[in-house]
Amino acid sequence: METTRTIRRSTLAVCVVTLLLAALTFGATRRATTDTTQGVTKDSIKVGIALIDFSAIKDFVDYKFGDTRKIAQIVVDDINKNGGVDGRKIIPVFKEYPPIPGGKPDPLSLCTAWAEDDKVFAVLGTFIDFTGQGQLCLTKEHKVIHIGHELDQPWIDEAPGGLMLTPDATKEGVSAALVNLLSSTGRLKGKTVAVVGDKNNEARVNDVIVPALKKAKAKTGSTAILNITGTDTTAAQAQVDSFIEKWKTEDVNTVFLAGNLVSAKQFAETIKAAMPKVLLVTDTDTSLSQARDEQRAGKSPNPYEGMLSGTGLTQSERWANKNPLLQQCVDIYEKATNTTVPGPDERKIDTDGKTVETDQAITDFCGELFMFRDIAKKVGPDLTVANWQKTVDKFGPIQVVPDKFSSLCKDKYAAEDSFRLVSYDSSIGAEGNWKMLTPVKDASGGKCAKAS
C-alpha cells in the first residue's frame, strides 16, 4: 500500500532536490503577459500540459507512467466530446521535459513557450522546478493559471490569489494537519517535542510546525536546523549529537522530523540509539521507504518502529473503493483503449525493470483536467483570469480525484483535506507498513465551509 501523497512523488522530489544542490539557480526574468484572457475564445481554451521525460530520470526512479500524452489526450477528448467547458473545447499544448536542473527544456523556457508563444490560458500537470521560479513565471509574471503538484506554500502565497493551485496538500498543510491530529487524539499530552529540519525546511519549521505545537499547548525543546550539503552529512551528524545532549537536559521525549532529508535513516538511527524511548514523528512519506529499508536490512530494533505520521487513504484503498470521479476516469480510459487498468497491487514490470503506474497517471491527468473543468464551469461563460480568481476564492468544498475531503477558498489553494494518524508497524507484511490509528477526517478545520 502507498500513501495519499505518494512515495512516487516523494522519491522524485528527493532525486531532484539532490541534483538541485549542485545546480545553478535560474535567474532570468521574462516579459509579463498583459492579456489576461489569452487562450480563450468563444469555442476553445488553450491549456498547456506538462509531461515528464522519464528517460531522463531512469537511473533515479524505478517506475514510469506509460504513454502519458495518450492518457492525457484521452481525458481531453472525453471532456470535449461531452460538451467541453461551457461549450468550449480544450486544446492541449503538450510539452515534455526532464525534471532535473540543467535539463533542456528548462522550466523558464517552458514557461516562456507556453505563455508567450502558445498563449495558453492555463498549464496543468507535474511541472517540476524546486526553486519555484518556473511556477511563478507562469502565475506571477504571465498570469497563467497553474494546477500542479510538488508546490510549496511560499510559492502559492507569492502568486496572485487563485492562480497557483494543487489537488494535493502542501508540505506546510501536511505538517499543520499532523500536529492537529496529534493534539486532537491526546498524543501530545505529557510530551516535550523537539523539531528537526534542514535549511530547505527552516521556514516551515519556524513558521508552521513550532507555532502549531505551541498553539496545541505542547511543551517544546530546542529546534535543530541541520546543515546538509549534498550527500555529505558529517556536519549534520555532529549537530544532531550536540542537540541530543541538549534534548536530554530538556526532557525531550518526542522528536518531529520535518522533511525528507532529516527523516533519513542515518539521523533516525543516531537519535534512537542515544534516546531509545523517544517517539519519532514525521511529516514526509519517504520515512516509510526508509523504515522498510531498515526492515529489509534486518535492523533490530527498527529505529522507525512506532513512528507517527499523517496520511490519507492509501492507493490500494482508493482503488478498491473508488469515488465517482476516479471511477469515471478509469472507465474513460478503459473504454478508449479496450484494456483493463491494473490497480496499485497489480502493476506490471516492463522489460526495463520499471513498474508501469498507469493507474497513477490516469489519476493525475484526470484529476488536473477535471479540477480545471469544474472550476472553469463554475466561472461561467465569461472565462477570464479575474473571474477565475473570484470563483476559486469562493469555491468551498470541491470533489477532486481521488480524495474524500477537499476544498478551495481565499488563501487556501491546496485542496486536499483528507488525513488520518498512522504509525509504522514492522510486523505488517514483509517490510512493515503504516498502521491506521484513526479514520480519515476532514482536516480543513472548516476553513472553506462558508466560502461558496
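Predicted model: local features only at pLDDT ≥ 70, side-chain atom pairs only at ≥ 80, totals over all residues.
**Exercise 1.** Identify the disulfide formed by Cys409 and state which parts of the chain the pair links.

*Solution.* Step 1: Cys409 forms a disulfide with Cys448, the sulfur atoms being 2.1 Å apart. Step 2: Cys409 is in the loop between β16 (407-408) and β17 (418-425), while Cys448 is in the segment after β19 (441-442), so distant parts of the chain, 39 residues apart, are linked. Step 3: The torsion about the S-S bond is about -65°, so this disulfide is left-handed. Step 4: Cys448 has 2% relative accessibility and counts as buried.

**Exercise 2.** State which helices are tied together by the disulfide of Cys329 and Cys366.

*Solution.* Step 1: The S to S distance between Cys329 and Cys366 is 1.9 Å. Step 2: Cys329 lies in helix α12 (residues 324-337) and Cys366 in helix α13 (residues 358-379), so the pair ties together parts 37 residues apart in sequence. Step 3: Both cysteines are buried.

**Exercise 3.** Describe the setting of Cys137 in helix α4.

*Solution.* Step 1: Cys137 is among the buried residues of helix α4 (residues 133-141). Step 2: The buried residues of α4 pack against elements including α3 (107-118) and α5 (153-158). Step 3: A disulfide joins Cys137 to Cys111. Step 4: Cys111 lies in helix α3, so the pair ties together parts 26 residues apart in sequence.

Key
Residues numbered from 1 in each chain as written. Heavy atoms only, no water. Buried < 20%, exposed > 50% of the residue type's maximum accessible area, 1.4 Å probe, protein only. Helix = DSSP H or I, 4+ residues; strand = E, 2+ residues; numbered from the N terminus. Contact = heavy atoms within 4.5 Å. Disulfide = S-S within 2.5 Å.
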